Amino acid sequence: MRLAGGVLPKVCMCGTHILSLHPQRKEEQRVKISLSINGTQHEADIEPRFLLVHLIRDVIGLTGTHIGCETSICGACTVLLDGKPVKSCAVLAVQANGGQVTTIEGLAKDGQLHPMQEAFWECHGLQCGYCTPGMIMAACGLLKETPNPSEEEIRHGLEGNICRCTGYQHIVDAVKYAADKMVA
Amino acid sequence: MSFLAKYIGQKVKRTEDPRLIQGIGHYVDDIKLADTLHVVILRSPYAHARINAINTDAAKRVPGVVAVYTGADVAGKVGNVPCAMAHPELKVPAFGVLAQTKVFFVGHPVAAVVAQNKYQARDAADLIDVDYEPLDVVSDGEKAAQPDSPVIHEEFGTNIALVHNAGVGDIDAAFAQADKIVTQRLVHQRLAPISIEPRGVLAQYFPGEHQLNLWSSTQIPHLMRTQVSLMLGMPENRVRVVTPEVGGGFGCKLNVYAEEALLGWIAMQLHKPVKWIEGRRENFQATIHGRGQTGTVQVAVKNDGTLLGLKYDVIADIGAYHQLLTPAIPTLTGLMLSGCYKIPAISMKCTEVFTNKMSTDAYRGAGRPEATYLVERLMDCVARELNMDPVELRRKNFPQPDEFPFTTACGVIYDSGDYEKALSKALTIADYQKLRDEQKAARAAGRVMGIGVSTYVEICAMGPSAAMPAGGWESATIRVEPTGKVTVLTGVSPHGQGEETAFAQIVGDMLGIDMNDVLVVHGDTAVVQYGIGTFGSRGLAVGGAALVCATEKVVKKAKKLAAHLLGADEASLTFEDGKFVGAPDDKSLTIQEVALAAHTAASLPEDFEPGLTATHFFEPKNFTFPSGTHICVVEIDRETGELEIKRYIAVDDCGNQINPLIVAGQVHGGIAQGLAQALFEEVVYDENGQLLTGELMDYAVPKAHQLPRYELDHTVTPTPVNPLGAKGVGEAGTIGSTPAVANAVIDALAPFGVKHVDLPLRPEKLWRMMHN
């Protein structure tokens, strides 16, 4: 883009830029990776810049992991990587090579909802549902670290995830409900 | 009709949830069609510039790139982005789907790149060479209205798009009789709606059938079909709009943007499916903003607190272009300037001005939060001036329950209300007197504590068609299938409101069947009869009302057949708990049995149409006016300016409730957004029209730890406007909460001589107020 004088814009020009840092990259640059997603081993041949969230959604076809900002703020894309919550829009797929990924689709077992899913349903912890998979995965990560959290610990534990619909109270209630169930 | 309320009024868990909590629902980006091409839009980095040249050669050479389109390609082929408000004096600039000779705001679409995958499309967009010649920027609404301001749209010779006057009553007499006139300048800052799912469009064209399918994340599938068909010159019945799961709207998807028609047009050029998914940065730049009013309010009052008149002179900074409802939103403010008070004379002058920014339009509340904020803020200013308790001032000016329907000096008729009841309940829950005592003690101890009250009323259930730009009715079809399962087709388009559940509750009770036997279908123009959509707290109050009427029709029809089959007199039959009873020999028929007979049609009464289906288009006679009282208690850290919400109490009256669980969720989310306006959020453009809050990094959407626990209660004053008695609840929290929080903070700062602070009330601002 040629800027014909004037003030340089402080804001990036294009819609979403994070992926376009290397426009001159060579097409032949590709990497083979292998990783487990929800217990199934997958091989992929990808560009080094390819994001984990795009691998999950567009290559593997698991669309429950949502993209809300592509800048690691909103948390809609949260998955567990080797048991820890990560924002898959800010993880390169190559960084997950050899790892174990759990997405929202991997939580329910044998047709039984995970207690955290059940809790979100029970407590009306979702409205539009778009942040929900990331929120549930982050909450699962939280309970791994802190199995019996206080309300304050839940609120701080979820500060990497934005919900625009619920005002969070029912989400907090849901996490508490799940914690009680999982400890019992 | 009477029925047993087995589901209605119960906290029924949502039927939408199982697919959403398992991540197996489908939002637009989750829909995968074979051979889909991906579109990236190149947007202007300048707020105002002339485009001297665009070179797309390098972009076209990027591997995987199929096409690059600019304004020249679409000129004369794709119509302009529509504005639904028709007003003889309104200036409407031509808003093409891609910029032609100039760009008018940062984010203005300039070119569209189509490639096999989105990485290629983004790479190519970076290689488009645009020669911009920057022009003078108008980024301040008040300056834009000045005669010496640069003019954005030269063809009009002015930046003033519309001057709107509202209100009735002798305003000069009111002010002449006043003991006191209280004046305050107020800024309603711009906000970004921020649905967590950004916008997105998938378009597929079948040339043989001349059929265009659009999947769009929208609140208004039918209105979009009409508008897109007009923009593309396609017959409307050959355009199908499907609204899959929608990840939040809050008004920003109550619109028809450039991208829907553009994607449709591209699909028609390439004969391949094309998808565009908005990035968050684009979402800040090119999805509508809300609010954006700066004005001065004057209230004329007697020394005893009797309100005499209110004047509001305001500039609405509407941005560079009109989106669908842009110019109409400030006019809604003019409908609600009486708040929940008796004010004999009201006058508003609203000047809507163009600036080099994204358009404003409907954001949760849409024009009414502005009214409630200014009225409620002024009530506190007046109370302070008269040395009255703010609660007593409010109470003194309420219309009494027997004064409804109550006509205001804004020309609207409040349907029903009992403002005192909600206020008393909220005061009791808060233990208001005790709070005031605590505040005295806190102040004596050097702590900074404040209590804020807001008593609000809102205009909802949009609305009577005469007052709406494109019809205000809503439609419902109910089909009792041969097996007795029930299909509901609703014209509303829920995106988180839970109407699949609430509507199944209604039909379950009315037909005396298991609500799980009811399937609620919405958001597909090829399947559902024309509808208006979901916005303005109308889903249940207008769409649900249509469903009640359609269900009554189906029962009436079924009764005729039941009487025929039972050999009974129709008048002697009653429909109870899913059965027609009252026939001779205690014979009865269930609704399912009647449905089967209606379809097999072996024995029908004369002139009886086979099948058991009914459609109703419900036209509301008036808006509804939900109301309530919110109380907020805050404490501010004197050293850091940090604010803590100690308590938040909301007593809302949305009339009858179908599902109190969903109502609570709506109120919580609404409060969170109103509170976000009070404390955190603001869209900021600099003097060059650059958007400084272009990411979630810079625009402060609150997180869980920044919000309080809400204490909710309700009063119930049903509306006579619809058969459900439901008033709507989607926007109540947002409308009630902003002034409650602001009043609490300013009350806390009163010992520092602070009479008003503009929003958002961030710690730095509060610290400066305390340390002057």
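**The domains of chain A**

Begin by colouring chain A in two parts, domain 1 (18-106) and domain 2 (115-183), with bounds that come from an automatic or database domain assignment. What you have open is a predicted model, in which local features need pLDDT of at least 70 and side-chain atom pairs count only at pLDDT 80 or more, while totals for chains, interfaces and linings use all residues; side-chain values use heavy atoms, with hydrogens and water left out. Residues are numbered from 1 along each chain as its sequence is written, and chains are lettered from A and ligands numbered from 1 in the order in which they are written.

Zero salt bridges are counted between them, a salt bridge being a side-chain nitrogen of Lys or Arg within 4 Å of a carboxyl oxygen of Asp or Glu.

Six residue pairs, both at pLDDT 80 or more, are in polar contact between domain 1 of chain A and domain 2 of chain A. A polar contact is a pair of N or O atoms within 3.5 Å; within protein, one must be able to donate a hydrogen and the other to accept it, and residues adjacent in sequence count only if both atoms are side-chain atoms.

**A stop at A:Ile136**

Next select A:Ile136, which sits in helix α3 of chain A. Is this residue buried or exposed? A:Ile136 counts as buried because its relative accessibility is 0%, the classes being buried under 20% relative accessible area, exposed over 50% and partly exposed in between (1.4 Å probe, protein chains only). Leaving aside neighbours within four places in sequence, A:Ile136 is in contact with A:Ile104, A:Leu107, A:Met116, A:Gln117, A:Phe120 and, from the other chain, B:Ile21. If you also select A:Val86, 50 residues apart from A:Ile136 along the chain, the two C-alpha atoms are separated by 12 Å.

**Where chain A meets chain B**

Now show both chains and select the contact between them, to which chain A gives 72 residues and chain B gives 78 residues. Chain A and chain B bury about 6,800 Å² between them, with 55% of it on carbon and sulfur atoms. Ten salt bridges are found across this interface, and one to zoom in on joins B:Glu681 to A:Arg164, with the closest N and O atoms 2.7 Å apart.

There are also 32 residue pairs in polar contact between chain A and chain B (both at pLDDT 80 or more). To follow the side of chain A that touches chain B, select α1 (52-60), α2 (115-122), α3 (132-145), α4 (151-157) and α5 (169-183) of chain A, the elements that give two or more residues to that side.

**Into chain B**

Colour chain B as domain 1 (17-24 + 473-618), domain 2 (31-135 + 196-248 + 253-286) and domain 3 (290-463 + 622-771). The C-alpha centres of domain 1 of chain B and domain 3 of chain B are separated by 39 Å, and 20 residues of the former are in contact with 19 residues of the latter. About 1,300 Å² is buried between domain 1 of chain B and domain 3 of chain B, carbon and sulfur atoms giving 65%.

**A last stop at B:Arg185**

Finally, select B:Arg185 in strand β8 (residues 180-191) of chain B. B:Arg185 counts as partly exposed because its relative accessibility is 41%. A polar contact of 2.7 Å joins its side chain to that of B:Glu142.

Terms used
Contact means heavy atoms within 4.5 Å. Buried area is the accessible area (1.4 Å probe) that two parts lose on being put together, summed over both. Helices (H or I, at least four residues) and strands (E, at least two) are DSSP runs, numbered from the N terminus.
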